[in-house]
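Morning, everyone. Please bring up the structure, and let's talk about how two chains meet.

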2 protein chains.
Amino acid sequence: MAVFLEEDNVEYSDSFFASAPPLKEQLSIAEKVQDFVARCSDLPSSARESSALASNRLVCITSGGTTVPLERRCVRYIDNFSSGNRGAASTEYFLKAGYAVIFLHRQGSVQPFCRHLPDDPLLACFKPAGQTIQPCSEYSSVVENAVRGHYLAMREGKLLKVQFTTLFEYLQILQIVALAMNGLGHHAMFYLAAAVSDFYVPWDSMVEHKIQSDSGSLAMKLAPVPKMLALLRNHWSPLAFCVSFKLETDKDILLKKARSAREKYGMHAVVANELLTRKERVIVVTDDGEIALEKGKRYPDVEVPLVDFLLNMQTTYIQDSQPHSK
Amino acid sequence: MAVFLEEDNVEYSDSFFASAPPLKEQLSIAEKVQDFVARCSDLPSSARESSALASNRLVCITSGGTTVPLERRCVRYIDNFSSGNRGAASTEYFLKAGYAVIFLHRQGSVQPFCRHLPDDPLLACFKPAGQTIQPCSEYSSVVENAVRGHYLAMREGKLLKVQFTTLFEYLQILQIVALAMNGLGHHAMFYLAAAVSDFYVPWDSMVEHKIQSDSGSLAMKLAPVPKMLALLRNHWSPLAFCVSFKLETDKDILLKKARSAREKYGMHAVVANELLTRKERVIVVTDDGEIALEKGKRYPDVEVPLVDFLLNMQTTYIQDSQPHSK
C-alpha cells in the first residue's frame with residue numbers, strides 16, 4: 001500500500017508541537033495510557049485464545065469535536081460540531097466484540113452506554129423519595145442500563161476514558177496513545193471518529209487578551225492544521241490498522257474526499273458519512289473498493305455492521321502479516 | 001438616566017431578525033414564557049405582601065455562551081467560553097430571595113443546584129446495587145441536594161428553564177421573554193450573564209456547505225452583532241431593571257468598558273468581572289458609583305452579596321417609580 005510521505009508536513013508538525021501550550025497532566029495521562037496498553041498486551045496467550053474473537057486487540061476510538069482557541073486566555077474559540085454519538089456507540093460494540101478500548105473523547109460529549117439518556121439525566125430522570133432519590137419509573141431502565149454497562153466495562157479493565165477539549169490537547173494525547181500502542185503491532189486499531197479542526201491559530205501568533213470588538217467587523221486568518229493522519233501512519237504507530245472518517249454535507253464531494261484521504265494517508269479504511277444520513281448509512285472506502293453499510297431494520301445502529309466489517313478486515317490484516325501466511 | 005438611542009442600530013437589528021433562521025418551536029416557547037409570566041403577575045396581592053421580600057418579582061437570568069454558525073448546515077461554529085456557573089449560582093440565590101426565575105441558558109451549561117456535581121454525574125456518582133442503582137456514598141449528599149433543590153423549585157412553579165445554542169436562538173428568545181415581561185413593569189429584572197458573541201456571519205451571506213480546506217489557510221470576515229441591550233432597554237422592556245455583565249481578561253480595560261456600557265445602553269448596573277478572579281470578586285458599576293463585592297470568608301459564593309445588592313437596588317428602583325414617592 002502506498003504511503004503518503006511529506007517532508008514538509010513532518011517539519012510543519014514539529015513546529016506545531018513545539019509551539020503548542022504544554023499538555024496539563026501530561027505525565028499522568030501518559031502513565032495511565034501506558035499502563036492500560038501494557039495490561040492489554042500482557043494477557044496470557046491462553047486467555048487470548050480462549051476468549052472472544054478480538055480479546056487481544058485494542059482500539060483507540062476518538063470522539064467529539066476539537067476546539068481552536070482564538071485567544072490565549074481563551075474566551076472565544078472555533079468548535080467543530082460533533083455530539084460524539086458515533087464514537088460512543090462504536091465503543092459499546094467494540095467492547096462487545098472483545099476489544100479493549102481507549103475512548104479519547106471531547107469533554108462533555110456523549111458517553112458510551114449513555115446514548116439514550118435525555119439531556120441532564122440526573123435532573124430529568126430522578127426525583128426525591130423520602131430521605132433519598134430514585135429514578136422516575138419511565139426512565140428507570142435506561143438509567144440503570146447506562147450505569148450498569150459503564151460500571152462493568154470499567155471494572156473489567158477493558159475501557160480507558162481520556163478527555164480533551166482543544167485541538168492542542170487532542171493531538172498531543174493522540175500522539176501519546178499512538179506511541180504507546182505501537183508495541184501492539186497489527187493488533188492495534190485507530191478509529192478516528194472525532195471531528196478535528198482543519199484550521200487553527202498558531203499559539204505563538206495568538207493574541208494574549210480577548211479580541212476587542214470596537215472597530216466594527218472582525219477579520220481572522222487561520223492556518224491549516226498539520227496532517228496528523230500521515231504522522232500516525234508513518235511515524236507514531238505504523239503497524240496499526242487505521243480507520244478515519246470523512247463527514248461532509250455535500251454528497252457530491254464526499255466520496256471523492258474519502259478516496260483521496262485513503263490514498264494520501266494510507267488509511268486501511270475511510271468511513272464516508274453525510275451529515276444528514278450519518279446515523280442510517282455509511283460508505284466504507286478500502287483498497288478493495290467501496291461498501292455501503294446500512295442500519296436498515298436489521299440492526300439497532302449502523303455501528304453494528306460497521307464494527308463487524310472492520311473487525312473482519314483487521315482479522316485478515318493480522319493474518320496477512322504473519323510469516324506463515326506468506 | 002440618559003438612554004442610548006441609535007436609529008442605525010434599530011434598522012440593523014431589524015435586518016438581523018429578518019434574516020435570522022426561524023426559531024424552532026417558536027410558538028411553544030412563546031406560550032410557555034407567556035404562561036409563566038402571567039402566573040407570576042397573577043399572584044394575589046395578599047400573597048405578594050405576606051411572602052418573602054421579592055415574591056412579586058421575576059428575573060430573567062441568561063447563562064452560558066452563544067454559538068455563531070460558520071456554515072448553514074452547521075459543522076463549524078465560533079463559541080464563547082462560559083461554563084454557566086455564574087447564571088446557575090445566581091438562579092439559586094434569586095429563587096431563595098423569593099424571585100421567580102426564567103433561566104435562559106445554553107444547552108449543556110451548568111444547571112442550578114448542580115454546580116458541585118462532577119462531570120457526567122450519572123456515571124461518576126452511581127453504581128449498580130442489586131437490580132437497581134444507588135449513589136456512591138461519597139456523592140450521595142451532593143446528588144440528593146441537586147435533585148431535591150431542582151425538583152422543589154420546579155414544583156413550586158418558580159423556575160422556568162428555556163435553552164438556546166446559537167446567537168440567533170438566544171436573541172430571538174430574549175426578545176420573546178422581554179416582550180412578555182414588559183407587563184411586569186419595574187418588578188421585572190434582566191440579569192444578562194450569558195456570554196454573547198460580538199461578531200457573527202449573517203445568515204444570508206453564509207455558505208450552505210462545509211467550508212473546504214483544500215486551499216491552504218482560511219480567511220473569515222465577521223460582522224458585528226446589533227446592540228441588543230439598547231433594544232431591550234428602549235423597546236422590548238423599557239421599565240425593567242437591567243443588569244449586564246462585562247467579562248475581560250485585561251483588567252485595565254475592564255472598568256472603562258463597564259462604565260461605557262452602563263452609559264451607552266442605560267443599564268441600571270453593569271457587573272464587571274475579570275476572567276481569572278471572577279469567582280471571588282466583581283465590581284458593580286451603577287449611576288451612583290462603583291462597589292466591589294467579594295466572596296471572602298463570609299459567603300459561599302460571590303453571587304450571595306451580588307444578588308443581595310441588586311435586590312436592594314431594585315427595591316429602591318420600584319419605590320422611586322411609585323407616585324407617592326415623588
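First, a term: contact here means heavy atoms within 4.5 Å. Keep in mind that this is a predicted model. With that cut-off, 59 residues of chain B are in contact with 59 residues of chain A.

Now, the area. The size of an interface is often given as the accessible area lost when the parts come together. Between chain B and chain A, about 5,600 Å² is buried. Carbon and sulfur atoms give 60% of that area.

One salt bridge pairs Asp198(A) with Arg76(B). Their closest N and O atoms are 3.0 Å apart. The interface of chain B and chain A also has 14 residue pairs in polar contact, both residues at pLDDT 80 or more. On chain B, the side that touches chain A divides into 29 nonpolar, 16 charged and 14 polar residues.

On to the strands. Strand E3 of chain A, residues 76–80, is joined to strand E3 of chain B, residues 76–80. Five bridges link these strands, and they run antiparallel. Look at Ile78(A): its bridge partner in E3(B) is Ile78(B).

Last, symmetry. Turn chain B by 180 degrees, with a shift of 0.0 Å along the axis, and it can be laid on chain A with an RMSD of 0.0 Å. That is the relation of a two-fold axis. Which residue of chain B comes closest to the rotation axis? Ile78(B), with its C-alpha at 2.1 Å. And the same surface serves both copies: 100% of chain B's contact residues recur in chain A.

Note on methods
Residues are numbered from 1 along each chain as its sequence is written. Chains are lettered from A and ligands numbered from 1 in the order in which they are written. This is a predicted model: local features need pLDDT of at least 70, side-chain atom pairs count only at pLDDT 80 or more; totals for chains, interfaces and linings use all residues. Side-chain values use heavy atoms; hydrogens and water are left out. Buried area is the accessible area (1.4 Å probe) that two parts lose on being put together, summed over both. A salt bridge is a side-chain nitrogen of Lys or Arg within 4 Å of a carboxyl oxygen of Asp or Glu. A polar contact is a pair of N or O atoms within 3.5 Å; within protein, one must be able to donate a hydrogen and the other to accept it, and residues adjacent in sequence count only if both atoms are side-chain atoms. Ala, Val, Leu, Ile, Met, Phe, Trp, Tyr, Cys and Pro count as nonpolar, Asp, Glu, Lys and Arg as charged, and the others, Gly among them, as polar. Two strands pair if DSSP finds at least two bridges between them. Helices (H or I, at least four residues) and strands (E, at least two) are DSSP runs, numbered from the N terminus. Copies are superposed by least squares on the C-alpha atoms of residues with pLDDT of at least 70 in both.
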